[in-house]
Amino acid sequence: MRYEYTVETEDLAKYYYMGKYVVKALDGVNLKVRRGEYVSIMGPSGSGKTTLFNMIGGLDRPTRGKVYIDEVDISKLDAYELAWLRARKIGYIFQTFNLIPVLTALENVMLPMIFVGTPREQRIKKATELLTIVGLGDRLHHKPGELSGGQQQRVAIARALANDPAIVLADEPTGNLDLQTGLEIINLLRTLNKEKGVTIVTATHDLKMIDVSDRIVYLRDGKIERIETRAEVTVEL
Amino acid sequence: MSKSEVGTWEIGEIRFPFSEAFRLSLESIRKRFVRAAITTAAVVLGIAFLNSLMMMAAIQSVYTGTTGIQTYQYWLLFISLLVCAVGITNSMLIAVAERYKEIGTLKCLGALDRHVLILFLNESIIMGGIGGILGYAAGLIAAIVYGYITLGGKVADPMSKIVEAMLMPRTIIPIALPTVLALLIVSIVLSIILSMAATLYPAYIGAKLNPAEALRYEV
């Protein structure tokens, strides 16, 4: 089954109630992401990037509006179906890598495959393949503590791809990395996007991300300020 | 394989085989060995107290022919096990809080609430089981030393009296076993139940965490 739009949000809003104050983290966001697209969500901190990330990723429920992943309204899913969505449809990459510290690189990549019931031999084969693609073929049995930040993020990218998700969500993937390592990670994401056709949505304020994105969504105060395609941006620069 | 259908999706099965969960629990204990050891020590002390009390009473009864345990001692025992449980709960609450991010990550990868629950309960079973065996050994040694000192001088061969007390049959449903064996079984079962019961609440908190909140949490 092929879907034209991987992600679609409709009047998406998330309010946090702090006593008598209402914080509108997201306030009516309409966004469509095509299959195979590389979209960056930019904006200052507090603009709602992470909230949007959580909503699209099925990690939190919106106050209002809808999120469709592969044409299914995920607010209608129960806990079990949401777990399945997170395992199968979405790959997550975090600023702080979030690898399981007690597991090796290989085991970390195998973990999402355990949840969906992939047989052991196939898990090992796939995880080895993915780690080789991200350039860590010789670090399979290292634990996160024995890897550098950039290497840990590569493991996280391999893990995000383990179940061939419809979309990879990355929240500030370069936020904890130095300039050069960050650039390598961005290029890796772009390569995976081009070669494997993975749909990628990143929330970031790293300007290096602009060069590789098909579209850039500027978020401010929980609303979309403007959307630029790459051609326009290059002209601007 | 498919569990249900939503729109155009076929929702498949989500699982976390026990062997994998157990291994992850074991690795987590190894990684935080010192704290796990301290938590286990709480079980060891409680169970050692239980065993020394029962065993000393058995030695006493072989020597004097009385039952040897007073009601207040049962109270003491109950309180000591309660203190031990509270200690475990406290320690597991910290262990869960320390791993909010890990729990959030696991949920992102597809873990269900019950998988997180099982992960922490596994840890409590491992620590409880080890604590039970060590506590049993410590309590037994304490009782033997006690018996040797009190009986020494009063009877010709204190060790034979102690052995007699150890082998004295006790009925634990449905069969009669020598005291040493009965106490071993009681120790292991009780320590595991105690440890699991004390972990239930912290594990439940961890399992119920909303992944977005869990990920936001900074240690």
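This is a predicted model: local features need pLDDT of at least 70, side-chain atom pairs count only at pLDDT 80 or more; totals for chains, interfaces and linings use all residues.
Staying with the interface, nine residue pairs are in polar contact between chain B and chain A, both residues at pLDDT 80 or more.

The size of an interface is often given as the accessible area lost when the parts come together. Here, chain B and chain A bury about 3,300 Å² between them, and 67% of that is on carbon and sulfur atoms. Within chain B, the most area is lost to chain A by B:Trp9, B:Cys108 and B:Leu109, which together make up 22% of what that side buries.

I turn now to chain A, beginning with the sheet of six strands. This sheet is open, its pairing is mixed, and its order is β6-β7-β8-β3-β9-β10 in chain A. At the edges stand β6 (90-93) and β10 (223-229) of chain A, each of which pairs on one side only. From one strand to the next, the twist averages 20 degrees.

At one end of that order, strand β9 (residues 215-220) of chain A runs antiparallel to β10(A), and six bridges join them. Within this pairing, A:Ile216 has A:Glu228 of β10(A) as its bridge partner.

Which helices accompany the strands of this sheet? Helix α1 (residues 49-56) of chain A lies across β3 (38-42), β6, β7 (167-171), β8 (199-204) and β9 of chain A, and runs at about 150 degrees to β7(A). Helix α5 (residues 149-160) of chain A also packs on the sheet, where it touches β6 and β7 of chain A. The direction of α5(A) makes about 170 degrees with that of β6(A).

The other sheet to describe in chain A is open and has four strands, in the order β2-β1-β4-β5, with antiparallel pairing. Why do β2 and β5 of chain A each have one side without a neighbour in the sheet? β2 (21-34) and β5 (72-73) of chain A stand at the edges and each has a single partner strand, so one side of each is left without a neighbour.

Taking the pairs in turn, strand β1 (residues 5-18) of chain A is joined to β2(A) by eleven bridges in the antiparallel sense. Across this pairing, A:Lys32 in β2(A) stands opposite A:Glu8. Helix α1(A) returns here: α1(A) packs on this sheet, touching β1, β2 and β4 (64-69) of chain A, with its direction at about 120 degrees to that of β1(A).

Next, β1(A) and β4(A) pair in the antiparallel sense over five bridges. In this pairing, A:Glu10 faces A:Lys66 of β4(A) as the residue opposite.

Finally, β4(A) and β5(A) run antiparallel and are joined by two bridges, with A:Ile69 opposite A:Val72 in β5(A). These two strands form a hairpin with two residues between them, and in the turn A:Asp70 has a positive phi of about 45 degrees.

To close with the model as a whole, the count over all chains comes to 30 salt bridges.

How values were computed. Residues are numbered from 1 along each chain as its sequence is written. Chains are lettered from A and ligands numbered from 1 in the order in which they are written. Side-chain values use heavy atoms; hydrogens and water are left out. Buried area is the accessible area (1.4 Å probe) that two parts lose on being put together, summed over both. A polar contact is a pair of N or O atoms within 3.5 Å; within protein, one must be able to donate a hydrogen and the other to accept it, and residues adjacent in sequence count only if both atoms are side-chain atoms. Two strands pair if DSSP finds at least two bridges between them. Axes are lines fitted to C-alpha atoms, for helices over the stretch in contact, and angles run from 0 to 180 degrees between N-to-C directions. Contact means heavy atoms within 4.5 Å. A salt bridge is a side-chain nitrogen of Lys or Arg within 4 Å of a carboxyl oxygen of Asp or Glu.
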